[in-house]
Amino acid sequence: MSDRRLLASFDCEEDLLAATTLLNSKGYRIVDAFTPYAVHGLDHAMGLKPSRLTWVCFVCGMVGALGMLWFEYWIGAISWPIDVGGKPWNSLPSNVPVAFETAVLLAGFGSVFALLGVSRLYPGKKVQPVLERVTDDRFVLVLDEADARFDMSQVEAMLKPFNLAALEERVVTTEGLQR
Amino acid sequence: MAKSKKQRTTPVAPVQAADPLATLRPQLITGGKTPADVTRDICAPLDHSPGALWWSAFSVSMTALIVGTIAVTYQIATGIGTWGLNRTVGWAFDITNFVFWVGIGHAGTLISAVLFLFRQKWRTSVNRSAEAMTLIAVVCAGLFPVIHMGRPWLAFWMFPYPNTRGSLWVNFKSPLLWDVFAISTYLLISAVFWYVGLIPDLATIRDKSKPGWRRRITGFFSLGWNGSARTWHRYETVYMLLAGLATPLVFSVHTIVSMDFATAMIPGWHTTIFPPYFVAGAIFSGLAMVLTLMLIARKVMHLEDYITVLHIEAMCKLMLSMGCIVGLAYGTEFFIAAYSGNPYEQFVFLNRALGPFSWAYWTMVSCNVLIPQLLWLRSLRRNFAFVFLISIVVNIGMWFERFVIIVTSLHRDFLPSSWASYVPTIVEVATLVGSFGLFFSCFLLFCRFMPVIAMAEVKGVLKSPQRDLKHDSARGDAA
């Protein structure tokens, strides 16, 4: 990957989607796209794999459920057994509700923290948006100008039919994409 | 086609009839908004100081909150002997309020999670405020059991932690303990769901604000969100997971609340219908509260283009269907009591409808079942003043439902010599008033300082169906 990037801006999601699909099929390297809202189908257009965060959710949920079932069993049958309405020490049905709640709690928190971790989002993180309007109404496609055959005028001609709003080149630095 | 054209004698078949676009659904957001308009409109209230309407509503709610705070302080200092409870009616006002507020919260989760899974696009205009309502309502609900403890500073005893008494653990076989876990989980997951939905919008506000305290605060809480498609991709996955988790959670919460009653031996409580009955009732009352709040917020925050007649009508239809389920449950309870052949069960239900609390019972039936039937009429569903009135009526009815279930089942128990009545004291009424004060104060503050509409979600549903179809046909894959 080179340190030169081409930023193509669009005014609506349909243009971004169509442009992304075309460039991806032509073998251009799409680094990322920036959109004000989740554009459905953009992941396919960019060729992103399904997220594995679902597994984090599943594992956290299982840990919550099994951990709580064990804890309830240990409390009710081992640590301090108390006869409640003649139920068995290890009464599974009465242990299910709390185990379920713990599973949901851990699965929810686990997925969110995993999301924040994988996406490197944390409180107070300084960020320089690629474009001020990208969280408002602009859709930006970021291409890698890696290939020696990368022809700026050719790319521009390809993007023109998609109502290209702006095209600019940036350089990757430690502080992000600089002009 | 050419043949049929020749046979036609009059030049009918106007363009619209043949036009497939004419059969599409109307647009969700009116006023021809662009994404930039959405950002501007939703952020506008953050820049201006609120109007007279907001201030008057806020002062009324704060007054109610102060009244409630005084009442709670007094009853904690004196003891819960300040309530109207007696040996027969050991649960009444406090638990009624608890169940009422938990129920209010449920519609928020229904709108944010269940309707998300069902791909109901109209939810985007109301989900942010409905989720805020859930959070505030659950906080209001949680206060009541804590107050009921009498020594609220020992509330942490409800959690299983190693202690110097043995360790003496909590009783995991008690539904009251399940409730502790259910309500705490519900509060935490609702808060996370709400915050995750808020992150992109906080980033929008951050990028729009001038350097200053608002930019610093939104910059801190937006976690460095930059709108990257890779992040959106994961974000959507997690949002779906949270919706998938919140859906069974919301059903479990009110199921467990109903088990607080259903696992007791009291006739009128000890029934298997309670979980679905309570869940339907909870969503019913919550939808009424969402409607009340939305109709107010729409006017006060000038959101007429975002919360349209379409949204109100959709919520009215949901409310009507829930009301019918609740009505069916009322009928089923009577049928099962009659059919069971259990004289105690039969007595409780006859006593509900004809006994000293029959006024409460019939208030409940008329507010929850009879009056909402008017929503079958389309013209009334589209009349905002009428819908507002209905939403208040349902709120009252659902409060009485919990009161009826709790008090009428208790006040005449197995032994006629211990029969008693119940009248709430001024302290209890003031506590209820205070909880409404807390609820509305928090909601008004939310309207003032937060984006009341999920901008990043509304922008996604802006595009008209017409544009969608044209775009598809341009690509050549239209139906």
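Modeller: Helices (H or I, at least four residues) and strands (E, at least two) are DSSP runs, numbered from the N terminus. Read that way, the elements of chain A run β-α-β-α-α-α-β-α-β-β from the N terminus on. Chain A has 5 helices and 5 strands. This is a predicted model, where local features need pLDDT of at least 70, side-chain atom pairs count only at pLDDT 80 or more, and totals for chains, interfaces and linings use all residues, while side-chain values use heavy atoms, with hydrogens and water left out. Residues are numbered from 1 along each chain as its sequence is written, and chains are lettered from A and ligands numbered from 1 in the order in which they are written.

Biologist: Why is chain A more spread out than a compact globule?

Modeller: The radius of gyration of chain A is 25 Å, well over the 16 Å that the globule rule gives for 179 residues, so chain A counts as more spread out. That radius is taken over C-alpha atoms, and the rule is 2.2 Å times the number of residues to the power 0.38. Along the principal axes, the C-alpha atoms of chain A fill a box of roughly 80 × 30 × 30 Å.

Biologist: Which domains is chain A divided into?

Modeller: Domain 1 covers 3–50 + 128–178, and domain 2 covers 53–118; the bounds come from an automatic or database domain assignment. The centres of these two domains of chain A, taken over C-alpha atoms, are 45 Å apart.

Biologist: Which side chain meets A:D144 in a salt bridge?

Modeller: A:R5 does, at 3.0 Å, N to O (the rule is a side-chain nitrogen of Lys or Arg within 4 Å of a carboxyl oxygen of Asp or Glu). The pair links distant parts of the chain, with A:D144 in strand β3 (residues 139–144) and A:R5 in strand β1 (residues 4–10), 139 residues apart. Over all chains, the count comes to 21 salt bridges.

Biologist: And how many salt bridges between chain B and chain A?

Modeller: The count between those two chains is 0. There are 21 residue pairs in polar contact between chain B and chain A, both residues at pLDDT 80 or more. A polar contact is a pair of N or O atoms within 3.5 Å; within protein, one must be able to donate a hydrogen and the other to accept it, and residues adjacent in sequence count only if both atoms are side-chain atoms.

Biologist: Which helices of chain B supply at least two residues of the side that touches chain A?

Modeller: Those are α3 (35–47), α7 (175–208), α8 (213–221), α9 (229–262), α17 (455–461) and α18 (465–475). The largest share, 17 residues, comes from α9(B). The contact takes 57 residues from chain B and 65 residues from chain A, where contact means heavy atoms within 4.5 Å.

Biologist: Now chain B itself. How many helices and strands?

Modeller: Chain B has 18 helices and 0 strands. The C-alpha trace of chain B spans about 90 × 65 × 45 Å along its principal axes.

Biologist: What is B:E457 in contact with?

Modeller: B:E457 lies in helix α17 of chain B. Leaving aside neighbours within four places in sequence, B:E457 is in contact with B:R123, B:T124, B:N127 and B:Y239. The side chains of B:E457 and B:N127 are joined by a polar contact of 3.1 Å.

Biologist: Which peptide bond is cis?

Modeller: The one from B:G166 to B:S167, with omega near -5°. B:S167 is in the loop between α6 (127–148) and α7 of chain B.
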